[in-house]
Amino acid sequence: MRCKRYPETRVFGYLIERLEEYDDTGLPCASRFEVLCPKTGTVLGAFDEAQAAKRFAIVYELRAIREGTQRLNKDIRAA
């Protein structure tokens, strides 16, 4: 199986790539979308639809912001 990657869009720095897979005869299989980490480039998730990949990137970033804010508030209270 062969696979081609195409940059689709960026959401908050997270790259969303469209993967087109082809079988041994060269016929296209189903496409999927992967969300890549902006710092390391590792794949954080794979989805069948671009909208789901975008939603994942937004939720992932919001969770990171929330966790950072909670840590900061905890440190402020301890001081």
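Reader: What is the relative accessible area of Phe47, and is Phe47 buried or exposed, or partly exposed?

Author: This is a predicted model, and the values here are computed from it. Buried means under 20% relative accessible area and exposed means over 50%, so a residue in between counts as partly exposed. Phe47 is therefore partly exposed, with a relative accessible area of 22%.

Reader: Which geometry does the aromatic pair of Phe47 and Phe56 have?

Author: A pair of aromatic rings is described by the distance of the centres and the angle of the planes. For Phe47 and Phe56 the centres are 5.2 Å apart, and the angle between the planes is 45°.

Reader: How many residues apart are Tyr14 and Tyr60, which form an edge-to-face pair?

Author: The rings of Tyr14 and Tyr60 lie 5.8 Å centre to centre, with 80° between the planes. Tyr14 sits in strand β2 and Tyr60 in helix α1, so that the pair links distant parts of the chain. The separation of Tyr14 and Tyr60 is 46 residues.

Reader: Which element gives the most to the largest nonpolar core?

Author: That core has 8 residues, among them Tyr14, Phe33 and Ala57. β2, β3 and α1 each supply at least two residues of this core. With 3 residues, the element that gives the most is α1.

Note on methods: Residues numbered from 1 in each chain as written. Predicted model: local features only at pLDDT ≥ 70, side-chain atom pairs only at ≥ 80, totals over all residues. Heavy atoms only, no water. Core = buried A, V, L, I, M, F, W, Y, C linked by side-chain atoms within 4.5 Å. Buried < 20%, exposed > 50% of the residue type's maximum accessible area, 1.4 Å probe, protein only. Helix = DSSP H or I, 4+ residues; strand = E, 2+ residues; numbered from the N terminus. Phe/Tyr/Trp six-rings, centres within 6.5 Å; stacked < 30°, edge-to-face > 60°.
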